[in-house]
Amino acid sequence: MTAREALALWLAYLAKERRASPRTLEAYGFACARYIGFLEQYRGETLSLADLGGLTAGEIRAWLAHLRQGDHPLSPRSLSQALSAIRTFHRFLDRRLDTPNAAVSIVRGPRVVPSAPRPVNEDQARGLIAEPGLDPDREDWEAARDEAVLTLLYGCGLRISEGLSLKRADAPLGDTLRIVGKGSKTRIVPVLPAVRQAVDAYLKLIPFASAPDEPLFRAKRGGALTPRHVQATVQNLRSRLGLPDSATPHALRHSFATHLLGAGADLRSIQELLGHASLSTT
């Protein structure tokens, strides 16, 4: 099997089994095709699947240097994203094609200087939501759960505590959701179809039976999912995507408000959706 045939298998796996978006497939496919193309030129021969398993750390660093010094040099953040794609590709080669490569794990990407704290943009929000499903090391139901939680935070503007307070009886979600926020203040938020679909996908895969009053979102051993897990998940995802430290679960709530405002929503409506007591907070 050639390296390019292995790449085609990986992209098909991402599309069919991991439900990756066309944008993600395009970005991953471009990064890995560029990676293979450089290595074939560097070695002067067509790469096989076995060759991918035998790549050295020096060869991988040479590829990074090429991206940094070419005609169109990549920024540190773009380099980190490219390296993340390559690592995910090699995890697939290890897990599915029995071709491990130890060198990939010891190559470090460039230091990404954190930008000023700000909400993530729409593409970054989509990337954070889609990324859990691209990790072959995760169980399908865990990936679906993390996608559902992040979609809920972004699509409904919820705090982590509000999203994790949902009970099994709350799902399947309807057109609206009753949320009890800070100070026991109740608000009604609309539920987008994408949010319902994400939660439904999780419910189809969860391996635990739940009573109506038990938590909707469950941890790996069946207990309630904790805010710390969601924070750690997003920390891992933003590292893989090259996003700043300001890309936190709570930033998805800020992004919900910012993107609504940019699309023409008025501040009073956004205030109600967020559950703020004061308009000045909004």
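1. Helix 2 gives the largest share of the lining of the largest pocket, 8 residues, where helices are DSSP runs of H or I with at least four residues and strands are runs of E with at least two, numbered from the N terminus. This is a predicted model, in which local features need pLDDT of at least 70 and side-chain atom pairs count only at pLDDT 80 or more, while totals for chains, interfaces and linings use all residues. Residues are numbered from 1 along each chain as its sequence is written, and side-chain values use heavy atoms, with hydrogens and water left out.

2. The largest pocket holds about 1200 Å³ of space. On a 1 Å grid over the protein atoms alone, a pocket is an open set of points where a 1.4 Å probe fits, with protein on both sides within 12 Å along at least five of seven lines, and lining residues have an atom within 4 Å of a point; the volume is the space filled by probe spheres set on points joined across faces, edges and corners. Of its 46 lining residues, Arg 23, Thr 24, Asp 123, Arg 126 and Gly 127 are the closest to the centre.

3. The largest nonpolar core has 39 residues, and Leu 152, Tyr 202 and Phe 217 have the most contacts inside it; such a core is a set of buried (under 20% relative accessible area, 1.4 Å probe, protein chains only) Ala, Val, Leu, Ile, Met, Phe, Trp, Tyr and Cys residues joined through side-chain atoms within 4.5 Å. Helix 8 provides the largest share of this core, 9 residues.

4. Apart from this core lies another, of 36 residues, including Leu 64 and Leu 79.

Note on methods
Buried < 20%, exposed > 50% of the residue type's maximum accessible area, 1.4 Å probe, protein only.
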